[in-house]
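Have the viewer ready and follow along.

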Amino acid sequence: MLPSFVSPTASAAASVTPPPRPIPGSYGPPVLGPLRDRLDYFWFQSQDEFFRKRAAAHRSTVFRTNIPPTFPFFVGVDPRVVAIVDAAAFTALFDPDLVDKRDILIGPYNPGAGFTGGTRVGVYLDTQEEEHARVKTFAMDLLHRSARTWSADFRASVGAMLDAVDAEFGKDDGSDKKPSASYLVPLQQCIFRFLCKAFVGADPSADWLVDNFGFTILDIWLALQILPTQKIGLVQPLEELLIHSFPLPSFLIWPGYYVLYRFIEKHGAEAVAYAEAQHGIGKKDAINNILFVLGFNAFGGFSVFLPFLVAKVGGAPALRERLRDEVRRAMVGKDGEFGFATVREGMPLVRSTVYEMLRMQPPVPLQFGRARRDFVLRSHGGAAYQVSAGEVLCGYQPLAMRDPEVFERPEEFVPERFLGDEGARLLQHLFWSNGPETAQPGPGNKQCAAKEVVVDTACMLLAELFRRYDDFEVEGTSFTKLVKRQASPSVAQAAAAAGAQQ
Ligand code: HEM
């Protein structure tokens, strides 16, 4: 549990704002302190436990700790951070006046430009660097351009994925095991193919290698960058020795990276030329930036988020029934085609479910920023902490998104949480995109450029599942029940009636 806060009313009654207090916690002795925290983080505790236990021990939602990777070969990586696990103090991380986001995407450790063809790509740039606005505007322009085909490309890719899943599910292997079909690989392939087409205008089917192995190249490329910061669950101490002790070398993935580089150069030539002509971004930097947004932000983000979403809905029978009814109602008169308008206006419960999933399991759990200057970090109930210039803030979203001061029943998955006026009010506290859901990404901030389209796409995936199936069940990351849609009399009648009126 998070420690409870002084309520805002109680602090108002006290009528004086308490002075900033020193941030509790310590980094421990050199080498031993970081090592102890590293072993807790990767070995003895889960990530959640790591932050919860320290918050409880210090009776504070802002505290000092070390964050791995640290010892012994991460030369120049300073693991000392100020951790934030409540929703109020977390907002400091979104304020470009307070924090510098230079080279701090995944923490004090930066995998380096060896993974990005030598370019310092946009996500590693701070808002005060001129190049940030240029590259972010380019990414947002590409997204706007892609809006015309995004939903059609997505539906086509999901259709192909579900064809593959159906074929696998229908296979009779001669055993009396329950039929099942894993969706992990087909979903990754679907995400990769659709993103290449929609975002870059590059069709992978034009290149056999990219079409079949592009997503695997990205998986390896991503893994080499982030594994030093991730707990995998291999046998210890092997994991500590082999994966968390030194930066993983980028040259291992260079051949794969250049397959994708050449693919974008050739088949995404229009997007690359657009970067040069409209934004003054040279060819090499344009391709490296496209690859990063495509591979890290978009493919990486969806690959983490969508499988969890499908698994959550696939394990909740009562919710599925309600979602299916809502989707089927929204389908009437739409010829079964969902675009942005339908998922934005016609499926409030689907949307609220997606938001709730993003709250319970934010796909990017940690956000970092370096204090530009000394400032007072404010939390609930007037609590205030003195932060010094240069200190690294580390927000842990999974706890901040379960802040009991903000969310009722914070540990429970409540699909209807974001419905109605009260639900809309809560959206200001939903931070998955590195900013409030009520704010807008722009060149002057670091909020996810695709904030709107990520939610829409997740809604479309659920809509497509319920368009095709009356019901499905999921265990782990496999479908264990798939019931193809039978046109129900009510839906068929409603559709006929809608047709008659036209
Ligand atoms: C589930 C999917 C996604 C998630 C969870 C996600 C999450 C995030 C987060 C947390 C950040 C901020 C990182 C930081 O600075 O700390 C970010 C930045 C960004 N995202 Fe997303 N994202 C997703 C999909 C996408 C997609 C589909 C695109 C574009 C096609 C995209 C484009 C970007 C860009 C360009 C930035 C950099 C913003 C900047 O530097 O100012 N993201 N994303």
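## Ground rules

The bend at a residue is the angle between two fitted axes, one through the seven residues ending there and one through the seven starting there. Helices (H or I, at least four residues) and strands (E, at least two) are DSSP runs, numbered from the N terminus.

The model is predicted: local features need pLDDT of at least 70, side-chain atom pairs count only at pLDDT 80 or more, and totals for chains, interfaces and linings use all residues. Residue numbers start from 1 along each chain as its sequence is written.

## A bent helix

Helix H7 bends by about 55° at Gly-214. H7 covers residues 208-226, 19 residues in total, and spans 28 Å from its first C-alpha to its last, close to the expected 27 Å. That expected span is 1.5 Å times one less than the number of residues.

Gly-214 is also one of the buried residues of H7, a list that includes Phe-215, Leu-218 and Trp-221. A residue is buried if 20 or more other C-beta atoms lie within 10 Å of its own, exposed if 12 or fewer, and partly exposed in between, with C-beta atoms placed from the backbone. Among the elements covering these buried residues are helix H6 (184-200), helix H9 (254-267) and helix H11 (283-314).

## Arg-193 in H6

Arg-193 is found in helix H6. It counts as buried because 23 C-beta neighbours lie inside 10 Å. Leaving aside neighbours within four places in sequence, Arg-193 is in contact (C-beta atoms, placed from the backbone, within 7 Å) with Ser-157 and Pro-204. Arg-193 and Pro-204 are 11 residues apart in sequence, and their C-alpha atoms are 6.3 Å apart in space.

## Cys-448

Where is Cys-448 placed? Cys-448 lies in the loop between helix H16 (420-426) and helix H17 (451-468). With 19 C-beta neighbours inside 10 Å, Cys-448 counts as partly exposed. Beyond its neighbours within four places in sequence, Cys-448 is in contact with Ser-433, Asn-434, Pro-441 and Val-454.

UniProt lists Cys-448 under "binding site" in an unreviewed entry; its positions are given in the numbering used here, feature names are shortened, and annotations may be inferred rather than shown by experiment.

Notes
Two residues are in contact if their C-beta atoms, placed from the backbone, lie within 7 Å.
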